Amino acid sequence: MRGKFITLEGMDGAGKSTHIPDILAQLQARGVEVVSTREPGGTELGERLREVLLHTAMAAETESLLMFAARQEHLSTLILPALERGAYVLSDRFTDASYAYQHGGRGLAAERIAQLEQWVQQGLQPDLTLLFDVPVEVSVQRLAAARTPDKFERESADFFRRIRDAYLQRAEQFPKRFRIIDSNQPLDQVKLAVSAALSEL
Ligand code: TYD
């Protein structure tokens, strides 16, 4: 049987990384193989592209193409083979981030992203997407306290407002796949919400 594809999304500072170990443990408790990965990255080439993407200024089109180049490699060499052998794949970000950041944040037409999505994914979509959501002020505050911010983390509150709006719009458009996790509450509550969403799978 084909495995399940789970993605984690949210703007920088929404706290999704905090929950990855717990999510992994919960999925592994089902006795299935779980592959944990991230975007951009997840492959040797993808991680090299990540270095470039996170630290080099470039046109929004270039940024999108490189994100999808990394994604193609990720799908071809890691995600699809894992799903085909029945493993669960947990990816820290996927294509919804391209809609949120390159379309919402950078203003590239959603249609351009959709074309790349179609080309690279040929209809493949995650089975479940957890959207970690916090008010923009919370995310901006957390980022201000962070160590060395990357190119995206140095963006303005306005940029993050557009990211959040774009993510929430995606969730509204695909309610079957998305679960919005309110991450602006005590950690235990967030964990409960994550467990509830995973148990639906
Ligand atoms: P992130 O996942 O936040 O990693 P870390 O927690 O180590 O900072 O960093 C990835 C960055 O890449 C994030 O700012 C969002 C951005 N990104 C896009 O702009 N488009 C995409 O398609 C993807 C996958 C990520």
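What is the volume of the largest pocket? The largest pocket has a volume of about 620 Å³, where a pocket is, on a 1 Å grid over the protein atoms alone, an open set of points where a 1.4 Å probe fits, with protein on both sides within 12 Å along at least five of seven lines. The volume is the space filled by probe spheres set on the points, which are joined across faces, edges and corners.

The model is predicted, so that local features need pLDDT of at least 70 and side-chain atom pairs count only at pLDDT 80 or more, while totals for chains, interfaces and linings use all residues. Residues are numbered from 1 along each chain as its sequence is written, and side-chain values use heavy atoms, with hydrogens and water left out.

The lining of the largest pocket consists of 28 residues, and Asp12, Lys16, Ser17, Arg93 and Glu153 lie nearest its centre; a lining residue has an atom within 4 Å of a point. Among the elements that give two or more residues to this lining are helix 1 (16-28) and helix 6 (136-144), and the largest share, four residues, comes from helix 4. Helices (H or I, at least four residues) and strands (E, at least two) are DSSP runs, numbered from the N terminus. By class, the lining has eleven nonpolar, five polar and twelve charged residues, with Ala, Val, Leu, Ile, Met, Phe, Trp, Tyr, Cys and Pro counted as nonpolar, Asp, Glu, Lys and Arg as charged, and the others, Gly among them, as polar.

The axes of helix 3 and helix 4 come within 11 Å and cross at roughly 175°, and these two helices are therefore roughly antiparallel to each other, a term for angles over 145 degrees. Axes are lines fitted to C-alpha atoms, for helices over the stretch in contact, and angles run from 0 to 180 degrees between N-to-C directions.

The whole structure holds 16 salt bridges, each a side-chain nitrogen of Lys or Arg within 4 Å of a carboxyl oxygen of Asp or Glu. One of them joins Arg106 to Glu155, whose closest N and O atoms are 2.8 Å apart.

Conventions: Parallel < 35°, antiparallel > 145°, perpendicular 65-115°, else oblique.
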